[in-house]
Amino acid sequence: MNVHLASYVNGKTADDLAGSKREFLEIGRRSGNYPLASARRDGVDSEVSVWCSNDYLGMAQNRQVVAAVQAAIDVHGVGSGGSRNIGGTNHHHVTLENELADLHGKEAALLFTSGYTANEGALTVLAGTPKDTIVFSDAKNHASIIDGLRHSGAKKHVFRHNDVAHLEELIAAAPAASPKLIVAESVYSMSGNVAPLAAIADIADKYGATTFIDEVHAVGMYGPQGAGIAAQEGIADRFTVVMGTLAKGYGTVGGYIAGPAALVDAVRTYSRSFVFTTSLPPAIAAGSLASVRYLRSSDVERKVLSENARLLHSLLIEADIPFISTDSHIVSAFVGDDDLCKRASQLLFERHGIYVQSINAPSVPAGEEILRIAPSAVHEQSDVEKFAQALHGIWQELDIPTASSRDWSTSGLRGGVARTAEKVGLLTR
């Protein structure tokens, strides 16, 4: 029987998929006036305040970054003209790689066209060399990590999220002579919680494992000069390879890895997602370099981001709204129902001109739907207060379960949130 592909995807019919269909809101961010943006929904334009962007520090509109991009376009045009191997390596690429290596205290760095391709491409090579490598991966690791490990062909063990006892149990049972690789994120994108990096490093040292840490939601925002959570904790040198992005804290686009020169060179030579694609435009590399250098010298944006996140944590605790973690600037309000989550997002948009995206499967498991809120360095304190008030009103109107009704203070989701004032202070630990 012939079945049309458009009507049958991954074992599901078009009717099955209709309920999970995603629609994309057209957003026109306003440089110099962000977080305000124009939004188009159902053919109607309106003004919104954006509360779910990964441009956490507002660096996409930083004047030094914009000027660097414009100057590079005037000199080099808008494209790179080729892959890095064939005509697509510009001086701005090399200078940026050197800057990123220095930021992380590593021997070398390598640029990719996105954070996704950086993880997928690097791990395909690193986990697959030597061939008998055994990988230990956190259960909440990003899809790009999962894909890279799958493509490597390496044997993989998944440890429970942030559960170092389970990690050690798995790694202790592995053959002692086998090469081992531990892969984790520092800040997890959907929950906002932070990995126990020191404990992971201790296990790696004990069992002679190589480590690969994804810091995409931390670089620019945490640590000395924005070098990330591991640097904030003073243990950056205990991780073999660090992976980061230019598309979040730095406000541009692209991904990278930094680590020992031999490992970086192996990825440069064998990674298909590096070798067989057009390189980043020189102007993007130039803007990224300006952003990295700016944030190495300025703590202002990090301080404002931290203050806004702490304020929102405290206001949501006061409003009895459950959210997953106080560890970072990512504030994931837990709804736990797809329809309710979408309705809350819609009402925030229609009633208050607030855009915060509802997050459903496959980004989170079904039944764990969230509003992934991202207060930024370009929101004012009054904006945070108005947002919390608006969210509280919607929560009450839709009768979404509160933190106390879920007993969130003692259990919550995957460890939940301890609803205490002391916990709120973790952001600046």
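Tutor: Accessible areas come from the Shrake-Rupley method with a 1.4 Å probe, and for residues only the protein chains shown count as cover. The accessible surface of the protein chain comes to about 18700 Å², of which 51% belongs to carbon and sulfur atoms. This is a predicted model, in which local features need pLDDT of at least 70, side-chain atom pairs count only at pLDDT 80 or more, and totals for chains, interfaces and linings use all residues. Residues are numbered from 1 along each chain as its sequence is written, and side-chain values use heavy atoms, with hydrogens and water left out.

Student: Why is histidine 329 called buried?

Tutor: Buried means under 20% relative accessible area, exposed over 50%, and partly exposed in between (1.4 Å probe, protein chains only). Histidine 329 has 1% relative accessibility and therefore counts as buried. Of the 429 residues of the protein chain, 53% fall in the buried class.

Student: Why is asparagine 162 called partly exposed?

Tutor: The relative accessible area of asparagine 162 is 22%, so this residue is partly exposed. Glutamine 225, with 34%, is therefore partly exposed as well. Asparagine 162 has a positive phi of about 60° although it is not a glycine, and glutamine 225 likewise has a positive phi of about 60° without being a glycine. Most residues other than glycine have a negative phi.

Student: What makes the pairing of histidine 329 with tyrosine 222 a polar contact?

Tutor: A polar contact is a pair of N or O atoms within 3.5 Å; within protein, one must be able to donate a hydrogen and the other to accept it, and residues adjacent in sequence count only if both atoms are side-chain atoms. The side chains of histidine 329 and tyrosine 222 make such a contact at 2.7 Å.
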